[in-house]
Structures are given as structure tokens and as C-alpha cells.
Amino acid sequence: QEKAEECKKKGNVAFQSKNYLQAITQYTLGLSYVPNNHLLYSNRSYCYYLVSQSPPKTASNEDVKTHKFKYLLLAWRDIKFAIGLENKFWKLYFRAGQILNELEAPNQSTKYLLVSVDLLQRSDKNADTSPIYIELQNKSLPLLNQNLLQFFKNSSNEIHRWTEEEQRSKKDAKTLSLIKNQSLVREDDERKRMYRR
């Protein structure tokens, strides 16, 4: 426990210096001593998230995408572990929402962000006026608005696709009906000719 705490402190110092990879190393070492520490998972997750936002300057566009996706997945893995260990801490859900937003999963991101706001309100009767709550709202609302816009855009595209399919279906049904009517007319004409004979 003491060794884990020492690693956490060293990791925090590295984090404050924006040496995120060194911080990750220290948090990882700390987890080797206490594998069920949600704070170490959360801290390491946030470092992975920050590393994902800072690709090497000489990287190509493709390498930038690969770099970002790799570290976001690591961040997502760790934050899931953290939430599994402590599911009442609002900050974990907020960070999960951030990561999912970057992974272009707006619906899931929105769910986690809403849970984070709800948990903070439940944990503090005066949450509405607390600086932490106000900061969370300021950070969450732009992401929520962005996600909702994406949701409506996806819904609009889905409705448009469904409408087109409906129109095609109606057109096909009309064509089939026309063919059937023409066939019935031909059969009727044929019967009339047979009676005339």
C-alpha cells in the first residue's frame, strides 16, 4: 500500500509536469502493488487520453489517427476498470464520456455525461452552486450539445433513408399492380376472342 501511494505521488508529479508517459509508468507500477485501486486506473486513463490528443509532430495523417485510436482505447479500457471498481464517482463517468466522444460514439458518450452530472448532484445537496458542479456543467454541455446534434443528424439520415425505401416500395407495388392488371386485361381479351369463335 505504501509503495503504491509513493508511485501515485510520483505519477502525479510527472502529470503536473505534463510528462504523461512517465506518469503512466508510475501509475502502472502502483497498480502492480494494488491492482484494485480505481484512482490509479482513472489517473492512468486520463494520461492515455491526453497522450491521444498529442501525436508526434512528424507523424503522417494516418499515423496520427492510429496514435489517437490506440491511446483512446487504452484510456477507455482503464476507465471501464475504474468504474467497475467504484461506480459512484461522478468524475469517472465524465472522463468516460470524454473518451467516447473522441471515439465518435455520441450516444454512449451522452449517457455517461448525464450520469456524471446526476451523481454529482446526488453527492452534494448544494451541487447546483458548487464550483465543481458549475465546471462540470461547463465542460459537459458543449459535449452534450454536440452529441445531440449528431444524434439528430443520424436520425434525420435514417428517416430520409426509410422514406426513400418506402417510396421505392410503393413504386414497386404500383408497378406490380399495373402488370397484374395488364395481365388480367390480356386474359379477358383472350377469353372474349375464344367466345367469338
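Rings of Phe, Tyr and Trp (its six-membered ring) count as a pair if their centres lie within 6.5 Å; planes under 30 degrees apart are called stacked, planes over 60 edge-to-face, and the rest tilted.

First, where the numbers come from. This is a predicted model, in which local features need pLDDT of at least 70 and side-chain atom pairs count only at pLDDT 80 or more, while totals for chains, interfaces and linings use all residues. Residues are numbered from 1 along each chain as its sequence is written, and side-chain values use heavy atoms, with hydrogens and water left out.

Now the overall layout. The chain has 7 helices and 0 strands. Here helices (H or I, at least four residues) and strands (E, at least two) are DSSP runs, numbered from the N terminus. Along the sequence the pattern reads α-α-α-α-α-α-α.

Next, what is inside and what is outside. Buried means under 20% relative accessible area, exposed means over 50%, and partly exposed is in between, with a 1.4 Å probe and protein chains only. Of the 197 residues in the chain, 31% are buried. The chain exposes about 13700 Å², and carbon and sulfur atoms supply 53% of that area. Those areas come from the Shrake-Rupley method with a 1.4 Å probe; for residues, only the protein chains shown count as cover.

On to contacts, meaning heavy atoms within 4.5 Å. If we take contacts between residues at least 6 apart in sequence, 53% of them join residues at least 24 apart.

What about the core? A nonpolar core is a set of buried Ala, Val, Leu, Ile, Met, Phe, Trp, Tyr and Cys residues joined through side-chain atoms within 4.5 Å. The largest one here has 31 residues, and those with the most contacts inside it are Cys47, Tyr49, Trp76, Ile79 and Ile99. At least two residues of this core come from each of helix H1 (2-16), helix H2 (20-33), helix H3 (38-52), helix H4 (61-85), helix H5 (90-102) and helix H6 (106-123). As background, nonpolar side chains tend to be buried together in soluble globular proteins.

Take isoleucine 79 as an example. Which residues is isoleucine 79 in contact with, leaving aside its neighbours within four places in sequence? They are Ser42, Ser45, Leu92, Arg95, Ala96 and Ile99.

Back to the rings. By the rule I opened with, the count comes to 8 aromatic pairs. One of them joins phenylalanine 15 and tyrosine 20, with 5.6 Å from centre to centre and 55° between the planes, and this pair is tilted. Phenylalanine 15 is partly exposed because its relative accessible area is 23%, whereas tyrosine 20, at 19%, is buried.

Another pair is tryptophan 76 with tyrosine 112: the ring centres are 5.8 Å apart and the planes stand at 90°, so this pair is edge-to-face. It links distant parts of the chain, as tryptophan 76 is in helix H4 and tyrosine 112 is in helix H6, 36 residues apart. Tryptophan 76 has 14% relative accessibility, so it counts as buried. Tyrosine 112 has 23%, so it counts as partly exposed.

Phe15, Tyr20, Tyr46 and Tyr49 form one aromatic cluster. Tyrosine 46 also has arginine 95 over its face, at 4.3 Å from the ring centre. For a charge to sit over a ring, NZ of Lys or CZ of Arg must be within 6 Å of the ring centre and within 35 degrees of the ring normal.

Serine 116 is in helix H6. Why does serine 116 count as buried? Because its relative accessibility is 0%. Its side chain reaches the backbone oxygen of leucine 113 at 2.6 Å. Threonine 110 lies in helix H6 too, and is buried at 14%. A polar atom of the threonine 110 side chain lies 2.9 Å from the backbone oxygen of proline 106.

Last, two loop residues. Lysine 18, in the loop between H1 and H2, has a phi near 65°, a positive value. Glutamate 104, in the loop between H5 and H6, has a positive phi near 60°. Most residues other than glycine have a negative phi.

How values were computed:
Polar contact = N/O pair within 3.5 Å; in protein donor to acceptor, adjacent residues only side chain to side chain.
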